[in-house]
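Student: I have a structure open and want to learn how to read it. Where do we start?
Tutor: Let us take the ligand, then the rings.

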Amino acid sequence: MATLEPERAKLDTTTPNEGRIADYFLGGKDNFAADRAAAEHALAIAPELPALAREGRRFLGRAVRFLAEAGIRQFIDIGCGLPTQGNVHEIAHSIAPDARVVYIDNDPMVVVHGQALLQDNERTVVIEADARDPARMLTHPGLTSMIDLDEPVAILLFAVLHSLPDDDVATHVVTHLRKAIAPGSYVALSHAVSDLCPKKTAKLAAVYQAQGTITGGRRGNLRTKAEVERFFDGLDLVEPGVVYLPLWRPGDDLHHSPDSTWVVGGVGRKPRRPREGPAFTRS
Ligand SMILES: C[S@@+](CC[C@H](N)C(=O)[O-])C[C@H]1O[C@@H](n2cnc3c(N)ncnc32)[C@H](O)[C@@H]1O
């Protein structure tokens with residue numbers, strides 16, 4: 001495992017954290033009382049959240065498999081969350097044992113757990129960095145020791161951009177990453193959206209913001225599907241485009257109804273020549 005920088009943010013167990021709430025939804029044990037209280041509060045509004053978390057992990061699995069089969073050998077998983085079943089490196093290595101994976105999170109607990117799990121894995125590193133400073137993140141020595149940004153890479157932003165409610169910040173992050181990656185690279189992301197049940201998602205947005213789970217900006221509601229599609233500007237969208245998660249290349253994996261899965265996902269490829277807006281590509 002690559003060397004990690006010694007400086008570390010303090011673990012705050014009193015403020016609920018999205019990664020630890022997701023861990024609770026997925027049946028994990030790496031969460032604290034504040035996380036469980038926040039999770040229960042959210043569950044009272046949207047009891048389907050654990051099913052959505054599982055659906056999110058299934059989408060992650062299909063997307064990473066697609067990327068590895070498309071020839072990608074470098075993965076940067078931003079907002080990776082706590083290790084669970086079907087982690088990015090496990091899926092990528094099942095197809096391409098030589099694939100290199102950098103996990104990034106700004107929660108020290110996520111980083112400590114990931115490092116403990118992966119200490120013997122030469123092709124994987126876990127680093128602590130904040131996605132809101134993409135320039136710093138991409139020059140982190142743990143990342144640069146593992147990833148060659150002159151070669152194609154997959155940027156993974158699963159269930160993390162909705163933690164950045166300030167549109168300027170989220171757009172800055174995605175634009176910076178898109179410019180930094182080589183042509184032939186991919187961006188894969190998932191994002192909860194407000195379209196299907198706007199009252200419910202507005203309530204949830206308010207709860208998460210009041211609890212301090214989401215910082216650095218306020219929104220009255222989650223982004224819409226159309227707003228999420230704009231994160232793919234300048235990329236060629238892989239079919240079927242930005243869709244509700246169960247509809248993204250489900251194969252035999254259709255578990256959950258698209259009508260009740262208010263999370264969308266998509267995969268875009270950086271073309272050889274920059275584009276103005278999203279476009280579809282066959283793969
Ligand atoms: C809901 S979890 C998603 C975990 C995983 N990507 C998945 O899809 O299952 C969101 C993760 O993003 C992390 N996160 C939130 N804001 C972040 C930021 N500004 N920089 C880095 N990580 C962030 C949280 O700590 C959390 O682990």
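This is a predicted model: local features need pLDDT of at least 70, side-chain atom pairs count only at pLDDT 80 or more; totals for chains, interfaces and linings use all residues.

Student: Which polar side-chain atoms lie 3.5 Å or 2.9 Å from an oxygen atom of the ligand?
Tutor: Take the two cases in turn. Arg 57 has a polar side-chain atom 2.9 Å from a ligand oxygen. For Asn 17, a polar side-chain atom lies 3.5 Å from an oxygen atom of the ligand.

Student: What lies 2.9 Å from a nitrogen atom of the ligand?
Tutor: A backbone N or O atom of Ala 131 does.

Student: How much of the ligand does the protein bury?
Tutor: Start from the ligand taken alone, which exposes 600 Å². The protein buries 91% of that.

Student: Now the rings. What describes a pair of aromatic rings?
Tutor: Two values do: the distance of the centres and the angle of the planes. A search of the whole structure here finds four aromatic pairs.

Student: Why is the pair of Phe 59 and Phe 158 classed as it is?
Tutor: Look at the angle. Planes over 60 degrees apart count as edge-to-face. The planes of Phe 59 and Phe 158 stand at 90 degrees, so this pair is edge-to-face. The ring centres are 5.7 Å apart.

Student: Where in the chain are these two residues?
Tutor: Phe 59 is in helix α3, residues 49–69. Phe 158 is in strand β4, residues 154–158.

Student: Are Phe 59 and Phe 158 buried or exposed?
Tutor: Use the cut-off: buried means under 20% relative accessible area. Phe 59 has 0%, so Phe 59 is buried. Phe 158 has 8%, so Phe 158 is buried too.

Student: What kind of pair do Phe 59 and Trp 248 form?
Tutor: An edge-to-face pair, 5.5 Å centre to centre, with 90 degrees between the planes. Trp 248 lies in the loop between β7 and β8, and Phe 59 in helix α3, so the pair ties together parts 189 residues apart in sequence. Trp 248 is buried, as is Phe 59.

Student: Which residues form one aromatic cluster?
Tutor: Phe 59, Phe 66, Phe 158, Tyr 186 and Trp 248.

Student: What sits over the ring of Trp 248?
Tutor: The charged end of Arg 249, 5.4 Å from the ring centre.

Note on methods: Residues are numbered from 1 along each chain as its sequence is written. Side-chain values use heavy atoms; hydrogens and water are left out. A polar contact is a pair of N or O atoms within 3.5 Å; within protein, one must be able to donate a hydrogen and the other to accept it, and residues adjacent in sequence count only if both atoms are side-chain atoms. Accessible areas come from the Shrake-Rupley method with a 1.4 Å probe; for residues, only the protein chains shown count as cover. Rings of Phe, Tyr and Trp (its six-membered ring) pair if their centres lie within 6.5 Å; planes under 30 degrees apart count as stacked, over 60 as edge-to-face and the rest as tilted. Helices (H or I, at least four residues) and strands (E, at least two) are DSSP runs, numbered from the N terminus. Buried means under 20% relative accessible area, exposed over 50%, partly exposed in between (1.4 Å probe, protein chains only). A charge sits over a ring if NZ of Lys or CZ of Arg is within 6 Å of the ring centre and within 35 degrees of the ring normal.
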